[in-house]
Amino acid sequence: MEQNTGQKYRAGDSNQITREYFDSLLVEVRHIDSVIPSTKLELYGETFSTPVMTAALSHLNGTRPNGMAEMARGAFKAGAVMWTGMGEEAELEAITATGAKTIKIIKPHADNDVIFKKIEHAEKCRVFALGMDIDHSFNNSGQYDNVLGLPMTGKTFDEIKSFVKATKLPFIIKGVLSEQDAYKCAEAGVRGIVVSHHHGIMDFAVPPLMILPKIVKVINKSIPVFADCGVSSGMDVFKALALGADAVSVGRALMPLLAESGAEGVEQKINGMTRELAGVMARTCFKDLASIDSSVIWKR
């Protein structure tokens with residue numbers, strides 16, 4: 001298929017499928033009895049200015065010197081949650097030193113001792129939550145993945161439970177894209193999930209927002225549910241929240257601003273998306289994040 005830009009996409013491009021699903025969702029307008037809305041997010045005992053969070057990115061030094069710490073400074077200034085993925089111990093220490101409330105996501109390393117060590121270090125850095133990126137378990141050939149020379153494996157239900165028990169902090173699973181995995185996460189004592197296809201790691205993956213309502217029904221408000229992949233505007237954020245997400249992760253939409261202006265650019269983009277979200281909330285009669293529901297969403 002081909003867009004008006006002339007850029008060609010593969011039929012199975014999960015990122016394009018996700019974008020098209022976002023754009024297929026329409027929003028009903030309501031004005032009577034609406035008020036100026038609040039975008040404040042309550043999460044794990046902390047209060048944030050916005051449900052727009054950074055994604056669990058890694059290796060940003062090529063984008064901006066000390067890119068992850070710069071991203072964290074921008075998130076802190078915007079009153080947003082900072083997520084981080086792979087990286088050296090010193091980098092995580094630099095991220096948390098900015099004051100940003102940080103969630104550390106750990107890869108499914110083949111050696112569980114590596115995982116437990118990373119959990120221990122994250123706790124020492126005073127992250128306020130941590131978790132695992134399960135969608136890097138396998139490669140496209142059905143073998144265990146290898147990320148930058150580091151061997152990965154799939155993780156069992158019992159292993160997930162052992163990671164949950166290894167910390168007093170909320171443990172989150174990233175890469176949930178099925179009711180089955182959502183149910184298992186809840187049973188394992190996981191305290192948050194990220195609905196994500198990892199920026200199209202597999203072709204023809206269901207768009208996160210398409211399956212989000214089913215996953216939210218399985219979770220039944222017992223733990224936070226976050227949405228990832230392709231979120232680039234306040235309207236995208238609103239649609240995700242309306243379909244049941246508690247907050248969203250934004251990655252690639254922040255990258256150009258990080259490259260150009262560092263922390264200030266990240267802050268400006270998050271603030272801009274938050275203002276756009278507030279604008280949609282005001283025009284749909286939702287006073288706060290908790291009141292947003294799917295009654296205003298229509299399918300094109």
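Colleague: How many positive and negative side chains does the chain have, and how far apart do the centres of the two sets lie?

Modeller: Lys and Arg count as positive and Asp and Glu as negative, with His and the chain ends not counted. Each charge is placed at NZ of Lys, CZ of Arg, CG of Asp or CD of Glu. Here the chain carries 33 positive and 35 negative side chains, and 2 Å separates the centres of the two sets. Please keep in mind that this is a predicted model, where local features need pLDDT of at least 70, side-chain atom pairs count only at pLDDT 80 or more, and totals for chains, interfaces and linings use all residues. Residues are numbered from 1 along each chain as its sequence is written, and side-chain values use heavy atoms, leaving out hydrogens and water.

Colleague: How many helices and strands are there in the chain?

Modeller: Both are DSSP runs numbered from the N terminus: helices are H or I with at least four residues, strands are E with at least two. By that rule the chain has ten helices and 14 strands.

Colleague: What radius of gyration does the chain have, and what would a compact globule have?

Modeller: The radius is taken over C-alpha atoms, and the globule rule is 2.2 Å times the number of residues to the power 0.38. For 300 residues the rule gives a value near 19 Å, and the chain has 19 Å, so it agrees with a compact globule. The C-alpha trace spans about 55 × 40 × 40 Å along its principal axes.

Colleague: What share of the residues in the chain is buried?

Modeller: Buried means under 20% relative accessible area, exposed means over 50%, and partly exposed lies in between (1.4 Å probe, protein chains only). Buried residues are 50% of the 300 in the chain. As for the surface, accessible areas come from the Shrake-Rupley method with a 1.4 Å probe, and for residues only the protein chains shown count as cover. The chain exposes about 14,200 Å², with 51% of it from carbon and sulfur atoms.

Colleague: Which residues have the most contacts inside the largest nonpolar core?

Modeller: A nonpolar core is a set of buried Ala, Val, Leu, Ile, Met, Phe, Trp, Tyr and Cys residues joined through side-chain atoms within 4.5 Å. The largest one here has 83 residues, and Val-81, Trp-83, Ile-193 and Phe-238 have the most contacts inside it. Helix α10 (residues 263-282) contributes the most to this core, with six residues.

Colleague: Where is Val-266 placed?

Modeller: Val-266 sits in helix α10. With 0% relative accessibility, Val-266 is buried. Contact means heavy atoms within 4.5 Å. Setting aside neighbours within four places in sequence, the contacts of Val-266 are Met-71, Gly-74, Ala-75, Leu-254, Leu-257 and Leu-258.

Colleague: What share of the contacts with a separation of 6 or more comes from residues 24 or more positions apart?

Modeller: In this chain that share is 68%. Not counting residues up to four places away, Leu-130 touches several residues, including Ile-103, Ile-119, Leu-169 and Phe-171. Leu-130 has a relative accessible area of 0% and is therefore buried.

Colleague: Is Lys-107 buried or exposed?

Modeller: Lys-107 has 9% relative accessibility, so it counts as buried. Its place is the loop between β6 (102-106) and α4 (112-124). Beyond neighbours within four places in sequence, Lys-107 has contacts that include Asp-133, His-136 and Met-152. At 39% relative accessibility, Lys-184 counts as partly exposed.

Colleague: Which value does phi of His-199 have?

Modeller: Phi of His-199 is near 50 degrees, a positive value in a residue other than glycine. His-199 belongs to the loop between β11 (192-195) and α7 (208-219), and with 32% relative accessibility His-199 is partly exposed. Asn-220 also has a positive phi, about 55 degrees, without being a glycine. Asn-220 lies in the loop between α7 and β12 (225-227), and its 60% relative accessibility makes Asn-220 exposed.
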